[in-house]
Amino acid sequence: MRRGYLSEYFEKVAAKTLSAVEADTSCSNQHEFNGVGKLKEIFGDGKEKQTFPARFVYLDDTDDQAVIDDGFVTWYDARAKSADRTGRTEHRLYFPTTAVSQVASAGDLLVIARRTSGEILVLVAEGGSTIASQLQWLFGLSDLAHPGFSVRGELESEQDRISFAARVVLESIGVETEEIEESFLDEMLRVFGGRFPVTRSFSEYARGTLRDISPYDDADAALVAWMDREEILFRTLERHLVADRLSKGFSAITGTADVDGFIEFSLSVQNRRKSRVGFALENHLEQIFLSRGIRYARGQVTENNSKPDFLFPGIAEYREATFPSDRLTMLGSKSTCKDRWRQVLAEADRIATKHLFTIEAAISEAQTSEMQAKSLQLVLPNQLHPTYTPAQRAWLMNLEEFIGLVTARQTA
């Protein structure tokens, strides 16, 4: 196991495309996966029947909440009794009917991962979806054209290093990453008074811990480094403050357990995580624009009370009817897109082609094709471009290219 890599959380992982037979739950309450020969690399080739605790997860691009069900998988050799005589084995992997198997369809991506904890994580992602593309990228699974399983072990190559984008995908499948920086904890507690600061202040602090990173040299690299550092520092502070709050308990005045208080606290933790990332991305983009001398307006109102994240060169020029529309630029900022990217289309009516910045890896071709058809240009850090297909990469724009476009329009 190597810290900061997938091997910290997974021993081995296998994937295939679900067949119609595997996705059909109408036959019985017990089902098997086909082409399991390669799974010996995960479960072994023993003769004894083995049952593993398993978590089943179904994901698609439309629902924010995954379908999750706990159960088991059973691995055994159906020819164990005659193996000594015939020399033949026939291993099978069975799974029960679950809430996940009931919504799975032929063509969906199936991923079976053995956790370092011993639990089996069974993931089913809607075929052709962004989350399916992201799982293939996360686990380095590219050869899924054949009917059997593709298996990867070790998970300690450079491809398996856990980046900010990888952490986002891991969280979507319920895997909590644990990378923290304890060396900054005492300073953060002193600077922020033992509480969570406003996001702008925390973003500034995170940048200050990376003084060798300059937005003048490479804006894409600077943004990724700042986001990655802020995420790790936030998790470090969050872990301490949440542990401190939990140690105090949730007892009501009557002395009984305050369940409502605990639920409210838990929801506040989750909501803080979700909202903070988006604001952090905007904060770091803003710092890059300031450093590069680019004029902009952040969060100003245009038509129908819309508020584009960034307008270039500013809101005054946008509202001035005589200012040429082809010198105006808008940039939406979303840490992840899902279906929310369409919100950008309704912002800044004067600007025909919208730009959207994201740090989401491996968005599906179907979704980026729709973006192109609706005149939305996707912008993302150069480091994430390899997670997209060659056809997509020809269209993508990186941050440096976007800065060049805006600069040219402002100096025209």
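Me: How many positive and negative side chains does the protein have, and how far apart do the centres of the two sets lie?

Reply: A quick word first: this is a predicted model, in which local features need pLDDT of at least 70 and side-chain atom pairs count only at pLDDT 80 or more, while totals for chains, interfaces and linings use all residues. Residues are numbered from 1 along each chain as its sequence is written, and side-chain values use heavy atoms, leaving out hydrogens and water. Lys and Arg count as positive and Asp and Glu as negative, without His and the chain ends, and each charge is placed at NZ of Lys, CZ of Arg, CG of Asp or CD of Glu. That gives 48 positive and 61 negative side chains, with the two centres lying 1 Å apart.

Me: How many helices and strands are there?

Reply: Both are DSSP runs numbered from the N terminus: helices are H or I with at least four residues, strands are E with at least two. On that basis the protein has 13 helices and 13 strands.

Me: What share of the protein's residues is buried?

Reply: Buried means under 20% relative accessible area, with a 1.4 Å probe and protein chains only. Of the 412 residues in the protein, the buried share is 48%.

Me: Which residues of strand β12 are buried on each side?

Reply: Strand β12 spans residues 354–358, and five of its five residues are buried. In a regular strand, side chains alternate between the two faces of the sheet. Here both faces are covered, with H355 and F357 on one side and, on the other, K354, L356 and T358.

Me: Which residue in β13 is the bridge partner of F357?

Reply: Two strands pair if DSSP finds at least two bridges between them. β12 and strand β13 (residues 376–379) pair in the parallel sense over four bridges. In β13, F357 has as its bridge partner V379.

Me: What covers the buried residues of helix α5?

Reply: Helix α5 (residues 164–172) has F164, A165, A166, R167, V169 and L170 as its buried residues. Contact means heavy atoms within 4.5 Å. The cover includes β1 (10–17), α4 (130–138), α8 (219–248) and α9 (259–291).

Technical notes: Buried < 20%, exposed > 50% of the residue type's maximum accessible area, 1.4 Å probe, protein only.
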